Structure formats: structure tokens, C-alpha cells
Amino acid sequence: MPQEIVTSIPQKKSFSSILLWAALIACLYLPTLATPFDFIDDGNLVYPSHSGSLAGDVKYYWQQVVANYEDLGPFRPTLWAHWRVEAELFNANPLTWRAARLFFTFLAAAAFLSLMVELRFAWPAAILTTALAMWNPFRNEIWTSLTLSEGVAMPYAIVALICALRAARSEKPWRWDIAGLLCMLVALGCKNTFAAALPAQLFFRVSPDGRNVIAGVRKHWLHAFVLGCALLLPVGHYLYFVSHWHAGQYEGGDKWKQFKEMLGVEKGAVSIDFMAAGYILTLVAVFASGSGRGCARKVWNEFRAPLIAGAMLLVFGVGIYLKIVGVSGRYAMPAVWGLDMWIGILLTLLAAIPWRDAWKRIAAVALCAGLVAVAVSNLGRQNKFAARARLLWQVVHYVEAAPPAEKSIAWVAQPDDIQEGIHIYWHLDARGYPQDFSLFTTDGTPRPHHELPPNNEPLEFALTPGNTTVPLPGKWDEVRTFAQPYWFGKRSFTCVYWRKEAE
């Protein structure tokens, strides 16, 4: 006869316990400390302004904020504040930048684990859910790259959700509301898409247990209204953006295609490839120990708030990306937090089953095996990411040492790698080695970019990452091949430096 599930009552965990486990989870990213600058988003960000004064630094910061909007469309004042403060303090030292990013990884893990505890998930479930969220190889670009906005915004957005829950349960809620409002504003100033987390924040504020929502709105409408004012920032930006759009800024596309691609992103962001067996066996263990429909009713009664808030995060988080073209692992946030909450519920139900239950032991083994696979895959991606950065730094150092006459260079790459050429130019320019740079795709099509000055000089040299020929007029001789192995030498990144023969 199946036993009825009685979910355990999670104990309150000390702040020091949360910090300790967050530090342990963040330690998976210790290898990033040995990674140089990465040519993804940092070529124009990690160098100080050399303005010579605080007023000059502030002026330079605001110019960058405005230029970012005019060139691409996003308005990110608080993100630029983080970037510029780090640039002025760290003086283009990659180790210091990496240490700061690792610290933000720790903050994000601590905030996420705190949220799991605040939602009253079982402690083992909270730890496992946080580790899966932070170690997911599909999302790990957030922490391996130095400047991606999601990594800066995540701790603030998660803390905003925690503040909403604390305010709803506090006798002095305004201090929590003010903290939550400020955190959400900072997150929105890093990336507007975090507005998708605001409905969940408001829901937690008026109904932390998911019950009596209408009564909660009537009682806490003023608090919710104040929190909701944060939405004015992304709404105002969007209205201005659509009315002043110009070529070069983000464009819209096929919403149905984007929707399907976003679902694929969310699927990858919860490690289905590694965790599917563990999740399925956990469901089997839960239903084998419960009573079918009664189990579902208990889940609804005990975890109504994270179930509803998770659905809000998923729907709004996917929906907010339907107006753009293209996907990335980091675009899973904040929608994937909703799926993380549902996973936390599932693992809490498993934690409540006695260990003597055979299905629980089988599910636990599958979950642990999946977690190990996630960690190994993450480390593999870190190794690959670092190898790519080291290869491109070989290129930068070689060009720096080249004779001054070797200035007109073509970067010939696949469309996805074109951006690396722009960052090579930025790094060279900031380090005092300006070059005349041109961009081409592998079929020889020019790819002029508004962030590069026009190159009117005859092309004499070319760089081809991973390619063997130069698809440009004339005869080209191979000068140097750069190579950087990864995955224990089983794979390698290459880049060839070419010189054009005199005609």
C-alpha cells in the first residue's frame, strides 16, 4: 500500500551556512581565474578611461551609456556603472577582473540558495537546485565571460524576489520594499529583460503563500504599486526605442520561430540531457510513495506560491524575448528561474520520502550522477572557452610585435566569429597598437561594422580563424599558424596569419 507523502518542514538555515554552500558551489568556476580577457564583450570595456579626474570619468561613463543605446538600442546605465568602476579600479588586469566575476558568481549562488530557503524548500533540495542552476553548462557563459549583463543583474533580481517575500511576512515591510525596489531598478538598469521577473516580485509581495491573492492586493496595493513603479524604466525605454528605431539597433523577427528557439533554450538551461533520468525517477519515487491525485493536491496546497510565480517567470521570461532575433544560453534568464522553482519543489518532495524507500535511493543515485555530468560538462566548456581566449591572445601579441608597416589586416571568419575581430581591434587599439582592420565572412563578403573605423588602406595581411585559405583577390602566403589545444589535446583551435604577395 503506497504511503502518503508528508513533506518535511524545512529548518531555518543560518546565513553562514548559506554563504558556505554558495562558496562551495561557486568554486566550480575557480579555473576561470587563469583565463585571460575573452574577446566576447570586453575589448572596449576593461581599459580605464585615463580621463584624469572624477568628472572626466563620469562624463566618459555617460557617453558610453548613450553610445550603447544609439548603436544597439539597450539602455543599461547601472551595468555601465559596474563596468566603468571595475575598469578604473582594476587597470586592465585580467586576474582582478576574473576575481571580481567569481565574487559575483558567489553572490548569485548565495542569493539563489537564499531564495530556495525562503520558498521553504527542503535544505538538500535547495542546495541541489542551486548547484544545477549555477553549474548548468548552457548558462555558464554568464560566469565564464567577464562582462555579460546577466551575471551582474542576477544577484540584484534574485534579492528583489527575496525582499518581496520578506516584506509580505514582516511587521515593518517598508524597509524590505525599498530594498526590493532598488535591487530591481539596478537589475533593470543592467538589462531590460529582467522586467519579466517583476510580476513574480509583485505576486510574492501580495501573496507569499499563493493564497487569498485578491485580499492581498486590497491590503498591500500601495506597496505593490511602489514596487511596480520600477516597470516605468523598461516601458519608457521600449516606447522611446520603437518610436526612434534606426538601422543598426536590435530588430524584430519571426515571433513563432523565436518562441520555438526560446523553448529549446529553456530546455537546455535545466540540463535535460544530463538530468532527464534523475527527474523521471524522482517523479516515479514521489508517485510510488504518494497517492496520485492526493499527491498533486498536497503539492498545490503546500507549494502554491512557487508554482504560480514559476509559471509567471516562465511565461513572461520567454515572452519578453519574442520581439528580437536570435537566442543564447544566457537568454534563458529569468524565465528558467521558474523551472528551477518547479525542480526545487520536485526535489523537496523526494527529500520527504524515507531513505529506506528503494525508489528514492534509485532516484538519488540518478540525480547525483546527473549532477556530476553537469559539473564535468561545465568544466569542459570552461576549458574550451579559455583555449579560445588564449588563441586570440597569441594573435594579439604577434600583431603587436609585427613591424609598424604591417597595419592593414583583414579578419575573415564565420558570421558568429566576426565579433571576435572587432574585439581584437579594440584590444590592440587600447594597448597602443592601432591597426587598420577590415571584416569579411568566409565567402569574401565585406562586413563593415559601425564600431570599426573604415579601412581605406590596401589589404596586405589576413587572419583566418579555423580556415585554410583567404577568399580575397590575390595570392596569399601563410606566415604563421597559431594553435591552442583543449580537452586534453583532443581538440584544438587554430588561426592562420597570411601575407598578400606583391603583384
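For patches I took residues with over 30% relative accessible area and no salt bridge, joining like charges within 9 Å and nonpolar side chains (Val, Leu, Ile, Met, Phe, Trp, Tyr) within 5 Å. A salt bridge is a side-chain nitrogen of Lys or Arg within 4 Å of a carboxyl oxygen of Asp or Glu. Accessible areas come from the Shrake-Rupley method with a 1.4 Å probe, and for residues only the protein chains shown count as cover.

The model is predicted: local features need pLDDT of at least 70 and side-chain atom pairs count only at pLDDT 80 or more, while totals for chains, interfaces and linings use all residues. Residues are numbered from 1 along each chain as its sequence is written, and side-chain values use heavy atoms, without hydrogens and water.

**Surface patch.** I found a nonpolar patch made of Trp174, Ile178, Leu182, Leu185, Val217, Trp221, Leu222 and Phe225, with about 790 Å² of accessible area together. Helix 8 and helix 10 (213-228) each give at least two of its residues. Helices (H or I, at least four residues) and strands (E, at least two) are DSSP runs, numbered from the N terminus. I looked up Trp221, which sits in helix 10. Trp221 is exposed, at 54% relative accessible area; buried means under 20%, exposed over 50%, partly exposed in between (1.4 Å probe, protein chains only).

**Helix 3.** Helix 3 (residues 77-90) has 14 residues and reaches 20 Å from first to last C-alpha, close to the 20 Å expected, which is 1.5 Å times one less than the number of residues. I noted its buried residues: Pro77, Leu79, Trp80, His82, Trp83, Arg84, Glu86, Ala87 and Phe90. Their cover includes helix 2 (54-71), helix 4 (94-118), helix 7 (149-168) and helix 8 (174-190). Asn91 follows helix 3 and has a positive phi, near 50°.

**Cores.** A nonpolar core is a set of buried Ala, Val, Leu, Ile, Met, Phe, Trp, Tyr and Cys residues joined through side-chain atoms within 4.5 Å. The largest has 101 residues, of which Leu115, Trp135, Met154, Phe204 and Trp337 touch the most other members. Another core, of 35 residues, lies apart from it and has Phe90, Val396, Ile422 and Leu452 among its members.

Gln484 is in strand 4 (residues 476-486) and is buried, at 17%. Its contacts (heavy atoms within 4.5 Å) include Ala387, Arg390 and Phe493. Gln414 lies in the loop between strand 1 (408-413) and helix 18 (418-430), and is partly exposed, at 41%.

How values were computed. Lists of a residue's contacts leave out its neighbours within four places in sequence.
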